[in-house]
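Subject: Structure for your review

Dear colleague,

Please find below the structure that I am handing over to you. My notes on what was found in it follow directly after.

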Amino acid sequence: MHLANQFQPNPAPLNATQVQDITSASTSLLLTPPGMAPELNTPNEVKQLISSLARNKAPGKDKLPPKALKEAPPNLNAYLAALFNAILLTSHFPTAWKTAIISMLPKPRKNTKLPENYRPISLLSHLSKLFERVLLHRLLSHVQHSNLLPSHEFGFRAGHDTQCQLIRVVDEICIAINEEKYTVGVFIDIRSAFDKVWHQGIPIKLKDQLFNASYILLLASFLQNRSFQVRSENALSPPQPILAGVPQGSTLSPLLYALYTADIPTTPHVMLATNADDTAFFSRNIHIQFALAHMQRQLDLLADWTMSLRINIHVAKTRCTVFERRK
């Protein structure tokens, strides 16, 4: 029951009309025929992707380990390329790949009688992950060509990583200190960010970002009608539906979340730093009250935006810190 509730969308905002409009628009969009055929893959591309798989990863429900793919005869590459091309052309993600097997690992020094004190580890089919890499390569080509990810996003951007983002943030604070200014930093914690992504909202976002209709339909098929089963020793629970979120352990999930939240609002005098679901705002000014006022305007916009996307901020874990020269 705990996990079943985890994979439910956040409650609808007070403006129920907006939710109905987006749901209706998303349903209509998914009834449109696919657009231009996507770029097909080749046996050589499949071969290279198989060679990059980690050999000892645990298998999903199909019990097919990466080692079996690596040691298979060469003609498997041609069969998989044909299968992957059929998925690309039909914009249909196979139902057999949509069930996740979840193992519950206890968190250190926590009461193991409470379900929230376990960390769910999701195991997916390695064939599914292989195709996701094929699809990811094509999606990133459009993302990079159209510059869809904002400059403050340091995930899925060439030459950017967590360390670069940290250097950028520290530099902003140090400049303020050298100029004898205050820096107000707000570190946002988004509650169950990946698990609560609203499925109906993603196709609309992708349409606004001018993705090929074939990819929109395929990604919608990728997210819909998913399920999970919990493994305990050698037993599996009955399947339970996943009604929200991007799949844990999926190659596509971080990019989908970054695209879903790419239009996060920004205001003058406030610097934004994001890396997937990690979000922080920084406002500096020689007068603390002005820095706080700029930050308050930013947070007011953020509240409206998160409500429209059915994103829930974990207020208790969100922190505000003031950086200044004085200790």
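In these notes a residue is called buried when its relative accessible area is under 20%, exposed when it is over 50%, and partly exposed in between, with a 1.4 Å probe and protein chains only. By that definition, 45% of the 327 residues in the protein chain are buried.

Please note that this is a predicted model, in which local features need pLDDT of at least 70 and side-chain atom pairs count only at pLDDT 80 or more, while totals for chains, interfaces and linings use all residues. Residues are numbered from 1 along each chain as its sequence is written, and side-chain values use heavy atoms, with hydrogens and water left out.

Overall architecture

The protein chain contains 11 helices and nine strands; these are DSSP runs numbered from the N terminus, with helices being H or I of at least four residues and strands E of at least two. Its radius of gyration is 22 Å, close to the 20 Å from the globule rule for 327 residues, so the chain is as compact as a globular protein of that length. That radius is taken over C-alpha atoms, and the rule is 2.2 Å times the number of residues to the power 0.38. Along the principal axes, the C-alpha atoms fill a box of roughly 70 × 50 × 45 Å.

A contact means heavy atoms within 4.5 Å. Of the contacts between residues at least 6 apart in sequence, 75% join residues at least 24 apart. As to charge, there are 33 positive and 23 negative side chains, and the centres of the two sets lie 7 Å apart. Lys and Arg count as positive and Asp and Glu as negative, without His and the chain ends; each charge is placed at NZ of Lys, CZ of Arg, CG of Asp or CD of Glu.

Aromatic pairs

Rings of Phe, Tyr and Trp (its six-membered ring) pair if their centres lie within 6.5 Å; planes under 30 degrees apart are stacked, over 60 edge-to-face, and the rest tilted. The count by this rule is eight aromatic pairs. In one of them, the ring centres of F93 and F222 are 5.0 Å apart and the planes stand at 85°, so the pair is edge-to-face. Because F93 lies in the loop between α5 (75-90) and β1 (99-106) and F222 in helix α9 (residues 213-223), the pair ties together parts 129 residues apart in sequence. F93 is buried at 1% relative accessibility, and F222 is buried with a relative accessible area of 1%.

F187 and F282 also form an edge-to-face pair, with 5.5 Å between centres and 85° between planes. Here F187 in strand β3 (residues 182-188) is linked to F282 in strand β8 (residues 278-285), 95 residues apart. F187 is partly exposed at 33% relative accessibility, whereas F282 is buried at 1%.

Helix α10

Seven of the eight residues of helix α10 (residues 253-260) are buried, among them L255, L256 and Y257. The buried residues of α10 pack against α6 (126-146), α8 (201-208) and α9.

Backbone points to inspect

Most residues other than glycine have a negative phi. H269, in the loop between α10 and β7 (271-275), has a positive phi of about 75° and is exposed at 56% relative accessible area. R310 has a positive phi near 60°; this residue is in the loop between α11 (288-308) and β9 (319-323) and is buried at 13%.

With kind regards
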